[in-house]
Number of protein chains: 2
Amino acid sequence: MLDQGHKSISSGQLADFVGVNPSLIRKDFSYFGGFGTRGVGYDIDDLVKQIKKILKINVMHRVALVGVGNLGSAVLAYPGFGVYGFEIAAAFDINPQKIGRRVHNVVIEDVSELVSLKKRGIDIAIVAIPRDAAQQTADDLVKAGVRGILNFSPCHITVPRKLKVITIDIAMDFARLPYYMPRQAGA
Amino acid sequence: MLDQGHKSISSGQLADFVGVNPSLIRKDFSYFGGFGTRGVGYDIDDLVKQIKKILKINVMHRVALVGVGNLGSAVLAYPGFGVYGFEIAAAFDINPQKIGRRVHNVVIEDVSELVSLKKRGIDIAIVAIPRDAAQQTADDLVKAGVRGILNFSPCHITVPRKLKVITIDIAMDFARLPYYMPRQAGA
């Protein structure tokens, strides 16, 4: 909405956009002190800043990508990371034919270089490799000082309790659809 | 666990696996009638069937993919869809150089062929195209009789209220990480 020149937004507009009740919007924001002005709504610029601060994405995070296959390449090409303060600063693969190639301003490195992550200030990794190798890679990433992993491999990976893993299983996202779909016309 | 030869699972094991309280597992299942036996746990095979039925993924769904770029190709190569009863039965692109090519057993068709979806029994679509074209494609899919859309384009798309859209914004999944990450050692 900022891009479209808007300065403020009401809880009603926000509610319509995300599909919840306006009172829930106001209640949720009130937990963090409340950012709105009655009758005016929320200053969008301020609201974005406050939410980024709450989510701890008000600082840049340098990210490593492990696995530059189709999915990894899609991740490298993805335009939306900057909005949330993420920069893909390194990419790794085991395929000698890929190592040394530049893809979207990142030169692909051998996975043995993962050990250098900490001194390069990289604390988050994206795992986009076949499931057989995912746990070993996660172990290597933990040793390399990573604190958070976004796992695209269709498997469960285990890390020490104080680290955070979010697994994105595309098929599982998919599996949420049928429950909400209307019955077929005529069925 | 079935793959590993297990026959039953306790609410405690399930709870550990997903990171919630065992009582929540039992309470949630009880809403659907309760499938477990006290002191024995849940018969895994039966539990999987019951959950599939609740989620309406106990029947096969034929799916169309729109956009065979890096992300679309990753989706075509993704091994996990069959588990949830999805079959990618068609793929579409606008690039004449891609049309007619066979990728993972699917021949890429021109997007003008989307009109044929309904008679081919395809009721779900995956949208993996640049954001500029996403809304137009969604409109075409609605006209073609699709009832559910999984949207990978980093934008909001609007469909008639009775249809269901799930938008997967990789960057937004990412943005969930920092909140949960431990502070840096020494920070």
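The legends below describe close-up views of a predicted model.

**View 1. The side of chain B that touches chain A in the predicted model.** In this interface 42 residues of chain B are in contact with 42 residues of chain A. At least two residues each are supplied to the chain B side by helix 4 (70-77), strand 7 (122-127), strand 8 (148-151), strand 9 (164-167), helix 6 (170-175) and helix 7 (177-180) of chain B, and helix 4 of chain B gives the most, with six residues. Sorted by class, the side of chain B that touches chain A holds 28 nonpolar, six polar and eight charged residues.

**View 2. The crossing of helix 4 of chain A and helix 4 of chain B.** The axes of helix 4 (residues 70-77) of chain A and helix 4 of chain B come within 8 Å of each other and cross at roughly 155 degrees; because angles over 145 degrees count as roughly antiparallel, the two helices are described as roughly antiparallel to each other. The crossing is left-handed. Asn70(A), Leu71(A), Ser73(A), Ala74(A) and Ala77(A) meet Asn70(B), Leu71(B), Ser73(B), Ala74(B) and Ala77(B), and the contact between these helices has six nonpolar, four polar and no charged residues.

**View 3. The open sheet of chain A and the helices that pack on it.** The sheet has seven strands in the order 5-6-4-3-7-8-9, with mixed pairing. Strand 5 (102-103) and strand 9 (164-167) of chain A stand at the edges with a single partner strand each, so one side of each is left without a neighbour in the sheet. Strand 4 (residues 86-93) and strand 6 (residues 106-110) of chain A run parallel and are joined by three bridges, and Asp93(A) stands opposite Asp110(A) in strand 6 of chain A. Helix 4 of chain A packs on the sheet, where it touches strand 3 (61-66), strand 4, strand 5, strand 6 and strand 7 (122-127) of chain A, and its direction makes about 155 degrees with that of strand 3 of chain A. Helix 5 (residues 131-143) of chain A lies across strand 3, strand 7 and strand 8 (148-151) of chain A, running at about 175 degrees to strand 7 of chain A.

View 4. When its neighbours within four places in sequence are left aside, Val142(B) is in contact with Val159(B), Pro160(B) and Leu163(B). The C-alpha atoms of Val142(B) and Pro160(B) are separated by 8.2 Å, although these residues are 18 residues apart along the chain.

Note on methods:
Residues are numbered from 1 along each chain as its sequence is written. Chains are lettered from A and ligands numbered from 1 in the order in which they are written. This is a predicted model: local features need pLDDT of at least 70, side-chain atom pairs count only at pLDDT 80 or more; totals for chains, interfaces and linings use all residues. Two residues are in contact if their C-beta atoms, placed from the backbone, lie within 7 Å. Ala, Val, Leu, Ile, Met, Phe, Trp, Tyr, Cys and Pro count as nonpolar, Asp, Glu, Lys and Arg as charged, and the others, Gly among them, as polar. Axes are lines fitted to C-alpha atoms, for helices over the stretch in contact, and angles run from 0 to 180 degrees between N-to-C directions. Angles under 35 degrees count as roughly parallel, over 145 as roughly antiparallel, 65 to 115 as roughly perpendicular and the rest as oblique. A crossing is left-handed if the near helix is turned anticlockwise from the far one by less than a right angle, and right-handed if clockwise. Two strands pair if DSSP finds at least two bridges between them.
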